[in-house]
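Here are my notes on the model, written up point by point. Have the structure open while you read.

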Amino acid sequence: MKAKYRTMSLVMLAMTIFSTAKSEEPFWLGADISGTTADEARGHYTMNSDSIRVETTRLMKDYGINAIRLRVWVDPKDGFSSPGDVLEMASRARDLGMPVMIDFHYSDWWADPGKQNPPAAWLDLTPEQTAEALADHTRQTLRKLKDADVDVRWVQIGNETTHGFLWPMANIHENPHNYTMLTKAGATAAKEVFPEAAVIVHLDNGFDQELYDRVFDLLKADGVEWDMIGMSVYPFWAIEGGSEPGAIMTLVDTMANIKHLKEKYGTDIMIVETGVDARDPEPGKEFIAALIKASRTLTDGACRGVFYWAPETDAEAAYHLGAFSNGRPTVIMDAFKEAAGE
């Protein structure tokens, strides 16, 4: 009888362990493929290594990518990355069982540390009116996705808001409290539609601890709540700008900052953008593989994933930090496939 109960106990323990393991959130291997529909409109399609045309979202999944990131512009002149266009791309991800990260730029075009231009329709608004417009845009976009049963797992309130956004109104150096007010408005609106989605605040230069402390101390002091810290990590730009001596130190300093931020603020971190020079793909693959492995195993669980920005972009294009060449994946993409198999 005792042996029987011991056997049953072991079975129950094994089932409990298995159930717990199955319920744990995976390490996210993501890709921002926001430019896909614009590429298709120009007649540019991705192919696999056998030169067979494969829809980009599907091809990403074939390489082990398990989540998709999509940018949103307010009123882009060509319609690409508009809320409607994002719905098209998000629906493709949904049909493949892939959750989505939505990246609100709060601009009609690119927003990054070098430019944060307000949408044309918001130019004459007061800060309070801008907060209302920003919240409405956030809610309406996310409701489109919710109505379409898209699994929105993460929502970015601004893109690389290192110096704030919606300049000059919410330039973090000139009007820091406008920045925190507008960030809070976006975060609140996102939670109204997707209460379980993680709100992300995203900065560049993931290796720069002083930058992250300064921005997140400001947000915390003004009562802004976030669920996750988003980082960009580009060794190419870090080296070119003189901020880091090489790719190895970029990686080392980023891992140290991730652990520091988790300890200080208690929230998880995601590398929401990375990329390497696809003109020299072998060392690029080595860096991405090392970045994924270190993020996964050397941060005490603080880093929840790594997203590659525009991997479908060719090395021959003006922007060299994609992961393709002549419409086909380079070995850089193998870093994701190999990580997915671990």
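1. How many cavities of 30 Å³ or more does a search of the whole structure find? The search turns up one. Before going further, remember that this is a predicted model, with local features needing pLDDT of at least 70 and side-chain atom pairs counting only at pLDDT 80 or more, while totals for chains, interfaces and linings use all residues. Residues are numbered from 1 along each chain as its sequence is written, and side-chain values use heavy atoms, with hydrogens and water left out.

2. The largest cavity has a volume of about 30 Å³. (A cavity is a set of points on a 1 Å grid over the protein atoms alone where a 1.4 Å probe fits but cannot get out, and lining residues have an atom within 4 Å of a point; the volume is the space filled by probe spheres set on the points, which are joined across faces, edges and corners.) Its lining is made up of T36, D39, E40, H44, Y45, T46, T56 and E312. Helix α2 (residues 36-41) gives the most to this lining, with three residues. (Helices are DSSP runs of H or I, at least four residues, and strands are runs of E, at least two, numbered from the N terminus.) By class, the lining has one nonpolar, four polar and three charged residues. (Nonpolar covers Ala, Val, Leu, Ile, Met, Phe, Trp, Tyr, Cys and Pro; charged covers Asp, Glu, Lys and Arg; the others, Gly among them, are polar.)

3. Two backbone spots to check. Most residues other than glycine have a negative phi, and most peptide bonds are trans. S51 is not a glycine, yet has a positive phi of about 65°; look for S51 in the loop between α2 and α3 (56-62). The peptide bond from W167 to P168 is cis, with omega near 0°, and P168 sits in the loop between β5 (164-165) and β6 (170-171).

4. The residues in contact, meaning heavy atoms within 4.5 Å, include L134, T138 and R139 of α5 and M181, A185 and A189 of α6. This contact divides into eleven nonpolar, four polar and five charged residues.

5. Helix α6 (residues 176-193) also packs against α7 (residues 209-221), at an angle of about 70° and with the axes 10 Å apart. That makes α6 roughly perpendicular to α7 (65 to 115 degrees). P176, H177, Y179, T180 and T183 of α6 meet V215, L218 and L219 of α7. Five of these residues are nonpolar, three are polar and none is charged.

6. Last pair: α9 (residues 247-265) and α10 (residues 281-297) pack at about 15°, with their axes 11 Å apart. They are therefore roughly parallel to each other. A247, L251 and M255 in α9 touch F287, A290, L291, A294 and S295 in α10. The classes here are seven nonpolar, one polar and no charged.

Notes
Axes fitted to C-alpha atoms, helices over the stretch in contact; angles between N-to-C directions. Parallel < 35°, antiparallel > 145°, perpendicular 65-115°, else oblique. 1 Å grid on protein atoms, 1.4 Å probe; cavity = no way out; pocket = protein on both sides within 12 Å on 5 of 7 lines; lining within 4 Å.
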